[in-house]
Amino acid sequence: MGQLSALSVLSVMTVLAILPLHAQAPALSVPVSVDTLPNGLVLIVHEDHTIPVVAVNTWYHVGSGDEKPGRTGFAHLFEHLMFMGSEHAEYPAFDRLLEAAGGDNNASTGEDRTNYFESGPANALPLMLWLDADRMGWLLPTMTAEKVDLQRDVVKNERRESYDNEPYGHAEETIRAMRYPAGHPYSWPVIGSMTDLSAASLEDVKQFFRHFYAPNNASLVVAGDVQTAEVRRLVRQYFGDIPRGPDTPRSTAAPTTVARDTAAVLEDKVELPRLYYTWASAPQLSDDDLALDLLASILTGDKNGRLTQALVFGSAIASDVNADEQGMRLSGDFSIEATASPGHALAELQPVIEQQLRAVATTPPTDRELEQAKNTIEASFLRRMERVDSKADMLNRYYSTVGQADYFGRLLARYRAVTAADIQRVAREYLARPRVTLSIVPAGHRDWAAKSLEAQP
């Protein structure tokens, strides 16, 4: 057979570009066993014998959204304190022992959870579980004012680096205060305020631990080259004597929207102005959360996304643009962020954005657009599943959100079931709501800020 012509190659590439990844995909399943210890600790085990590694992932069901006004930043502060040593593994034994065994560890804090995770060779599992159990059950006896002060200063420096001295760093904090009413669990940033961090006493910190860091407020995932029965034995051996803590109700708040279009302008040490739009959206893993996720991908998920083409590659009036749906436990935020190109003001970007938002609300996306968005999300989803540590975190997320750890196949099926009409509906419903508009401009250039929405065509 002769070589394919250039036209034939192009035709094949076009077909591949729109071919659904799931056209002949088998049902996706991540088998797990779920067990609950007498003290309330939920244990989720997933065996994956592909390579001899293991991941341990612990979710404490507390985040910045469970804090109280005047006591913000505690969840993130504890992320740091949990590495400062416990009764049988004094600082810095946690890191030294784990690194000597070939493992590593880290942690993160969000609005709705704080998670701690280790990964390494499968034979390091007993060490990982022992270390995690010791800090769950025997941290308080070693907690001192000196440790709290040390990590308080670390967090303050982190805040200075990530918020106060970072270009555009005050965007999130400003948007949250505009998006949510005062006192709402999501109205402050995860890192908390300097004032609240300074006011935290040793007893405040200990009380936070007693309230939230109990086995009955945690779920533990062990995934990798393990045997379920042995994992259960080890977990009972190390965690079984930790007493149950008080039943801790989660924070609650009624769904909130922005009462009216609200705008603010911040001057910062930046060279290019940046525009932020934020709308109230849907809670995590709800049907509308998934549809809005696909809408964000249609707008900016690939180089041929509607906003990307219109702002970056078409008119070149923006250097970048990104749309994002962030579904959380109590609410959600849909956002668009765009940075103007040199020589352009934010008011030039606004009509282009508005035109694209009107278009997606009045005309459903094409089959090609919708398929590409689904393929993009599915490919990203499957890439995360390639690593046992990220798979462990997904298991914990699904269990904590919907009560089902092996939710992988169900979630992909729900994404695949979203229709073009669903995309059009959520665009019409959510993006027609009042929004928060934030302009961050170079110092002395407030005239580069976005214009009021009433002035838009």
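This is a short tour of the structure, stop by stop, with something to select at each one.

**Before you start**

You are looking at a predicted model, in which local features need pLDDT of at least 70, side-chain atom pairs count only at pLDDT 80 or more, and totals for chains, interfaces and linings use all residues. Residues are numbered from 1 along each chain as its sequence is written, and side-chain values use heavy atoms, with hydrogens and water left out.

**Stop 1: a cluster of rings**

Select Tyr60, Phe74, Phe78, Phe83, Phe94, Tyr116, Phe208, Phe209, Phe212 and Tyr213, which ring pairs link into a cluster. The structure holds 17 aromatic pairs. Rings of Phe, Tyr and Trp (its six-membered ring) pair if their centres lie within 6.5 Å; planes under 30 degrees apart count as stacked, over 60 as edge-to-face and the rest as tilted.

Now zoom in on Phe83 and Phe94. Their rings form an edge-to-face pair, 5.6 Å centre to centre with 80 degrees between the planes. This pair links distant parts of the chain: Phe83 is in the loop between helix H2 (74–81) and strand S4 (85–86), while Phe94 is in helix H3 (residues 93–100), 11 residues apart. Helices (H or I, at least four residues) and strands (E, at least two) are DSSP runs, numbered from the N terminus. Are Phe83 and Phe94 buried or exposed? Both Phe83 and Phe94 are buried. Here, buried means under 20% relative accessible area, exposed means over 50%, and partly exposed is in between (1.4 Å probe, protein chains only).

**Stop 2: charges over rings**

Next, pick Arg113 and Trp59. The charged end of Arg113 sits over the ring of Trp59, 5.4 Å from its centre. A charge sits over a ring if NZ of Lys or CZ of Arg is within 6 Å of the ring centre and within 35 degrees of the ring normal. Then try Arg159, which lies over the face of Tyr163 at 5.2 Å from the ring centre.

**Stop 3**

Show helix H12 (residues 346–362) and helix H16 (residues 420–430), whose axes come within 7 Å and cross at roughly 130 degrees. That makes H12 oblique to H16. Axes are lines fitted to C-alpha atoms, for helices over the stretch in contact, and angles run from 0 to 180 degrees between N-to-C directions. Angles under 35 degrees count as roughly parallel, over 145 as roughly antiparallel, 65 to 115 as roughly perpendicular and the rest as oblique.

Which residues make the contact between H12 and H16? Val360, Ala361 and Thr362 of H12 meet Gln424, Ala427 and Arg428 of H16, where contact means heavy atoms within 4.5 Å.

The axes of H10 and H11 come within 3 Å and cross at roughly 30 degrees. That makes H10 roughly parallel to H11. Ile298, Leu299 and Thr300 of H10 make the contact with Arg306, Leu307 and Thr308 of H11.

**Stop 4: the backbone**

Most residues other than glycine have a negative phi, and most peptide bonds are trans. With that in mind, select Tyr91 and Pro92: the peptide bond from Tyr91 to Pro92 is cis, with omega near 0 degrees. Pro92 lies in the loop between strand S5 (89–90) and H3.

Phi of Leu285 is near 65 degrees, a positive value. Leu285 counts as buried, at 7% relative accessibility. Ala316 is partly exposed, with a relative accessible area of 40%.

**Stop 5: two loop residues**

Select Lys269, in the loop between strand S9 (262–268) and S10. Lys269 is exposed, with a relative accessible area of 81%.

Finish at Thr248, in the loop between helix H9 (228–239) and S9. At 15% relative accessibility, Thr248 counts as buried. Leaving out residues up to four places away in sequence, Thr248 touches His211 and Phe212, and Phe212 takes you back to the ring cluster.
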